[in-house]
Amino acid sequence: MAELAAFSDSYAEARRKFVDAARRAGAKLASYRHPDERGPGGEPLFLDVSVLGPGNASRIFVLGSGTHGIEGYPGSAAQRAWLRGRPRLPRDTAVVFLHAHNPWGFAHKTRTTEENVDLNRNFVDFGKPLPANPGYEELHPHLALREWSEESIAGLFATLDAFRERVGEKAFSDAFNGGQYSHADGVFYGGARPQWANGAFRAAVETHLGRARKVAFIDLHTGIGPWCEHVYLCFHPEGSAARERARAWWGARAVNLQGVTHKKLATYSGTILDAFAEMLPGVEVTSVVVEFGTLPRRDMQRASLAQRWMRFEGPRDPVLAAKVRREYEAAFYPADPEWRSAVLAQSKEFIDRGVAGVGAW
Ligand SMILES: [Zn+2]
């Protein structure tokens, strides 16, 4: 299927396709280059921004990809395919695509930044005491597997299951993936300082969205939800106008957690959605996360643990690390053509609905 050419095998390929599609669509482009880091082939790394429509529009639909590095591959394909669909915009409306929020993770095919930081836990105020996560403190010594074997993984999951039964689903999610700021070699680590990608995102938002009055933002992710389906995570409070807009544009599923494969979502610290709204005081913001579902939650937890093991223990056993990497990449970026077609069909629909919603707001 020709449409699957929207997908890429490397960051450099994805960036080239995105920039090309944006130019052909008539969008203006801006780039923020990482000053220090490069991709595995020595390629430079960028947050790229495309602006389609009037630069002074008061209504803007924003779509971001790659907050979690490797999750940017399907996100980038969705952005590229939509730009190539000869989009027509409502009056006084612009569409801004942010390509590769975390280009280091994108290029190196991992969720985290060059400092093992989960960018979606990094938007906290580092001038204040960082959020404590006592549950994670308890789990970390078990999570930090030195050997990667089916036996050691089964032992770890037995520990996690016992912890979850003791504290409940919500406290388990908070501990495991809510974010932690104490173990740089752990999982869902929020960092000890703002990442370069944090600053680049802020600069892009200030430059391209500061004059808008009404803004919608979808941050694209992968890994929560059933295979071949997308799910919405909406964090606007019950009864808020923003939440009602999300419901009006994308249906009840935008706010009711339909299809979400976590029994209870964690209370996340330092997310990009929180930062986005804080950066735009006086602007009406409606924001959601859209996740393309892949594997069941346990497999995704295993992938998070694999990522930590590959980074900190993998160099001692490169053959095993290569095998673990294949499993890891398949969890976040499936090669299955049916899965990839679903990403394109579903993303076209929710982007079109978002643009129409902002235009008619
Ligand atoms: Zn993600």
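Predicted model: local features only at pLDDT ≥ 70, side-chain atom pairs only at ≥ 80, totals over all residues.

Mentor: Happy to. Leaving aside residues within four places in sequence, Tyr-333 is in contact with Ile-70, Tyr-73 and Pro-74.

Trainee: Where does Tyr-333 lie?

Mentor: Tyr-333 sits in the loop between helix H11 (318-332) and helix H12 (337-360).

Trainee: Is Tyr-333 buried or exposed?

Mentor: Count the C-beta atoms around it. Tyr-333 has 23 other C-beta atoms within 10 Å, and 20 or more is the cut-off for buried, so Tyr-333 counts as buried.

Trainee: Can we try that on another loop residue? Which loop holds Cys-234?

Mentor: Cys-234 is in the loop between S6 and H8. It has 21 C-beta neighbours inside 10 Å, so it is buried. Beyond four places in sequence, Cys-234 touches Arg-243, Ala-246, Ala-254, Val-255 and Val-288.

Trainee: How do strands S2 and S4 run?

Mentor: Follow the bridges. Strand S2 (residues 44-52) and strand S4 (residues 93-99) run antiparallel and are joined by 5 bridges. One of the pairs to look up is Asp-48 with His-99 in S4. On its other pairing, S4 runs parallel to S3, with 6 bridges between them; there, Leu-63 has Phe-97 of S4 as its bridge partner.

Trainee: How many residues of S3 are buried?

Mentor: 6 of its 6 residues are buried. With a strand, check each face in turn: Arg-59, Phe-61 and Leu-63 are buried on one side, and Ile-60, Val-62 and Gly-64 are buried on the other.

Trainee: What about helices? How do I check the span of H12?

Mentor: Compare an expected span with the distance between the ends. At 1.5 Å a residue, the 24 residues of H12 should span 34 Å, and its end C-alpha atoms are 35 Å apart, which agrees.

Trainee: Which residues of H12 are buried?

Mentor: First the general idea: an α-helix has 3.6 residues a turn, so residues three or four places apart point the same way. The buried residues of H12 include Arg-340, Val-343, Leu-344, Ser-347, Phe-350, Ile-351 and Gly-354. Among the elements covering the buried residues of H12 are strand S3 (59-64), helix H2 (72-83) and strand S5 (214-222).

Trainee: At what angle do H2 and H12 cross?

Mentor: Their axes come within 9 Å and cross at roughly 60°. That makes H2 oblique to H12. The contact is made by Pro-74, Ala-77, Ala-78, Ala-81 and Trp-82 of H2 with Val-343, Leu-344, Ser-347, Lys-348 and Ile-351 of H12. H2 passes H12 in a right-handed crossing.

Trainee: And how is H4 oriented against H5?

Mentor: Look at the angle again. The axes of helix H4 (residues 134-143) and H5 come within 10 Å and cross at roughly 165°. That makes H4 roughly antiparallel to H5. Residues in the contact include Leu-139 and Leu-143 of H4, and Leu-156 and Phe-163 of H5.

Trainee: At what angle does H5 pack with H6?

Mentor: Helix H5 (residues 150-167) and helix H6 (residues 169-177) pack at about 130°, with axes 7 Å apart. That makes H5 oblique to H6. Phe-163, Arg-164 and Val-167 of H5 meet Glu-169, Ala-171 and Phe-172 of H6.

Methods
Residues numbered from 1 in each chain as written. Pairing = 2+ DSSP bridges. Helix = DSSP H or I, 4+ residues; strand = E, 2+ residues; numbered from the N terminus. Buried ≥ 20, exposed ≤ 12 C-beta atoms within 10 Å, placed from the backbone. Contact = placed C-beta atoms within 7 Å. Expected span 1.5 Å × (residues − 1). Axes fitted to C-alpha atoms, helices over the stretch in contact; angles between N-to-C directions. Parallel < 35°, antiparallel > 145°, perpendicular 65-115°, else oblique. Left-handed = near helix turned anticlockwise from the far one by under 90°.
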